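Subject: Structure handover

Hello,

Here is the structure I promised to pass on.

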Amino acid sequence: MFQIILPYEQVHWLPLVRMMQRALNEVGVREVESPLNKRSFILAARCARKFRLLRLLQLPSREAAFCQMIHPNGLELFPFSFCHRCVTYSFDCFEPQYPSWEKLFRNSRINCAFLSAKMSVEAMKKRLPTMRFEWLPEAVDPAEFSFEKPLAERRLDVLELGRRSPHYHAAIRNALRKEQRTHVFEQDGTLLFPLPKRAAMLETYADSKITICFPCSITHPARSGTTETATARYFEAMASKALIVGHCPAELKDLFGYDPVISVNWDNPARQLCNELLPRIANYQDLVERNYQKLLQVGTFRLRARRIIEVLSHLESPAAAT
């Protein structure tokens with residue numbers, strides 16, 4: 001039987017994490033929460049790590065503790081790593097932090113790690129050849145998203161949500177304004193849709209013709225290094241049947257079997273949007289329909305949950321990796 005560990009921080013309220021947890025619940029995974037409050041949790045976990053008690057006191061168990069991790073922080077595994085073998089799913093395992101992730105995997109005696117970035121799986125296999133690493137792309141729960149309006153009837157022309165390419169944004173902003181096109185984006189570092197406004201975010205997606213998507217390796221290379229991966233924004237856009245313009249990570253093309261993204265024409269991004277794509281947006285309805293159908297086949301959290309169970313059920317040994 002598998003358990004889901006809820007991190008002691010509010011990160012467990014992230015929609016991405018909650019959707020995965022619901023999908024795992026649906027396949028019979030039991031969800032538990034840390035018995036420690038935040039303060040006692042931090043103090044106890046730091047002491048255990050300092051004196052290496054996690055290695056000395058780990059007890060055998062038939063259960064596996066499953067933890068979704070945004071950062072290489074071993075505290076999120078505590079106190080379950082005392083008596084359970086640990087299995088993790090890491091979203092942002094990027095090149096600059098490979099040493100920190102390697103240290104986490106070694107010290108926490110994790111016997112299987114799922115990574116959302118395909119490139120990171122290959123990199124970590126070289127660093128830890130005796131450990132089990134599996135590629136598990138990000139995904140969505142399509143039931144949360146709406147797509148009633150066809151592209152031609154949507155009110156918003158271009159949506160830039162989350163991390164954006166400063167170069168691309170600068171190239172299209174004035175042109176869209178001049179053409180009186182509706183352009184939605186974050187300004188002055190203020191989040192468009194903080195977590196309490198998730199419903200508004202879903203409504204905006206459903207009313208957007210085009211959404212811009214770039215991997216972090218393009219928008220913030222200092223953070224991700226050379227690690228190119230498809231983030232949740234790609235899957236959210238497809239679940240909303242919006243046309244994606246930007247850059248398609250190689251792993252997304254591998255997953256879908258074709259390129260679901262309209263590549264940016266860097267020679268003249270503004271002309272591409274204003275003169276080519278938006279005036280002919282109805283011509284791309286077939287593409288967004290195809291993307292949505294393929295998403296149901298390869299990009300849902302229900303599929304990810306089944307894959308986790310499948311991999312863990314075939315592990316040769318329940319013992320934690322050393």
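Helix H6 covers residues 166-178 and helix H12 residues 269-277. They pack at about 40°, with axes 8 Å apart. Axes are lines fitted to C-alpha atoms over the stretch in contact, and angles run from 0 to 180 degrees between N-to-C directions. Helices are DSSP runs (H or I, at least four residues), numbered from the N terminus.

This is a predicted model, where local features need pLDDT of at least 70, side-chain atom pairs need 80 or more, and totals for chains, interfaces and linings use all residues. Residues are numbered from 1 along each chain as its sequence is written, and side-chain values use heavy atoms, without hydrogens or water.

On the H6 side, Tyr-168, Ala-171, Ile-172, Ala-175 and Leu-176 make the contact (heavy atoms within 4.5 Å). Their partners in H12 are Pro-269, Ala-270, Leu-273 and Cys-274. This contact has nine nonpolar residues, no polar and no charged.

Now the second pair. Helix H4 (residues 98-107) packs with helix H5 (residues 118-127) at about 60°, with axes 11 Å apart. H4 and H5 are therefore oblique too. In H4, the contact residues include Trp-101 and Phe-105. In H5, they include Ala-123 and Met-124. The H4 contact with H5 divides into seven nonpolar, one polar and three charged residues.

Best wishes

Methods:
Helix = DSSP H or I, 4+ residues; strand = E, 2+ residues; numbered from the N terminus. Nonpolar A, V, L, I, M, F, W, Y, C, P; charged D, E, K, R; others polar. Parallel < 35°, antiparallel > 145°, perpendicular 65-115°, else oblique.
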